[in-house]
Amino acid sequence: MYICICNAVTERQVHAAVDAGATTLSDLQFELGVASCCGCCAEMAQEYLPGGRCSSVCQGKSMAVDLTASAPMVDAQPAANSFPIALVAAA
């Protein structure tokens, strides 16, 4: 979702700035340009700062997977709906 339309700043960018240490609207203005044009987004941007309505309720959770951990091997069986697909190399 866009928080600041004037500067095309998204909710994810605001969360990332807050996670990186932004604690005030001035920090967001400096880092992202939020509320530096028309100012209509200032109130919404402040909701993502610590103590704001969306500071903990709307946080995105990391879905990172540890690729270095070895997973148990399972017997490889072809899927019931699988069919061979010819691979063609592009020139």
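Is Cys54 buried or exposed? Cys54 is buried, at a relative accessible area of 7%. Here buried means under 20% relative accessible area, exposed means over 50%, and partly exposed is in between, with a 1.4 Å probe and protein chains only.

Some ground rules. This is a predicted model, in which local features need pLDDT of at least 70, side-chain atom pairs count only at pLDDT 80 or more, and totals for chains, interfaces and linings use all residues. Residues are numbered from 1 along each chain as its sequence is written, and side-chain values use heavy atoms, with hydrogens and water left out.

Now the overall layout. The chain has 3 helices and 2 strands. Their order along the sequence is β-β-α-α-α. These are DSSP runs, numbered from the N terminus: helices are H or I with at least four residues, strands are E with at least two. The chain has 91 residues, and 23% of them count as buried. Its accessible surface is about 7300 Å², with 59% of that on carbon and sulfur atoms. Those areas come from the Shrake-Rupley method with a 1.4 Å probe, and for residues only the protein chains shown count as cover. Next, contacts, meaning heavy atoms within 4.5 Å. Take the contacts in the chain with a separation of 6 or more: residues 24 or more positions apart account for 44% of them.

On to the core. In soluble globular proteins, nonpolar side chains tend to be buried together. Which residues touch the most other members of the largest nonpolar core? They are Val14, Leu28 and Val34, in a core of 17 residues. Two or more residues each come from strand E1 (2–4), helix H1 (11–19), helix H2 (25–32) and H3. H1 gives the most, with 3 residues. By nonpolar core I mean a set of buried Ala, Val, Leu, Ile, Met, Phe, Trp, Tyr and Cys residues joined through side-chain atoms within 4.5 Å.

Stay with Val34 for a moment. Setting aside neighbours within four places in sequence, Val34 contacts Cys4, Val9, Val14, Leu25, Leu28, Gln29, Cys41 and Ala45.

Now look at H1. Its buried residues are Val14, His15, Ala17 and Val18. Viewed down the axis of H1, they fall within an arc of 160 degrees, so they line one face of the helix. The arc is taken over the directions from the helix axis to the C-beta atoms. Arg12 and Asp19 are exposed on the other side of H1. The cover over the buried residues of H1 includes E1, E2 and H2. After H1 comes Gly21, with a positive phi near 125 degrees.

Which brings me to backbone angles. Most residues other than glycine have a negative phi. Ala8 is not a glycine, yet its phi is positive, about 55 degrees. Ala8 sits in the loop between E1 and strand E2 (9–10). Ala8 is partly exposed, at 43% relative accessibility. Ala35 also is not a glycine, and its phi is positive at about 55 degrees. Ala35 is in the loop between H2 and H3. Ala35 counts as buried, at 13% relative accessibility.

Next, Leu49. Where is Leu49 found? Look in the segment after helix H3 (42–46). Leu49 is buried, with a relative accessible area of 7%. Leu49 and Thr23 are 26 residues apart in sequence, but 5.8 Å apart in space, C-alpha to C-alpha. Not counting residues up to four places away in sequence, Leu49 touches Val18, Ala22, Thr23, Thr24, Leu25, Leu28 and Ser55.

Charges now. Side chains of opposite charge can pair when their charged atoms come close. How many salt bridges does a search of the whole structure find? The search finds 1. The partners are Glu47 and Arg53, at 3.7 Å, N to O. The cut-off for a salt bridge is a side-chain nitrogen of Lys or Arg within 4 Å of a carboxyl oxygen of Asp or Glu. Glu47 is partly exposed, at 21% relative accessible area. Arg53 is exposed, at 54% relative accessibility.

Last, the cysteines. A search of the whole structure finds 0 disulfides, a disulfide being a pair of cysteine sulfur atoms within 2.5 Å. Cys40 is in no disulfide, and the nearest cysteine sulfur, that of Cys38, is 3.6 Å away. Cys40 is exposed, at 68% relative accessibility. Cys54, where I began, is buried.
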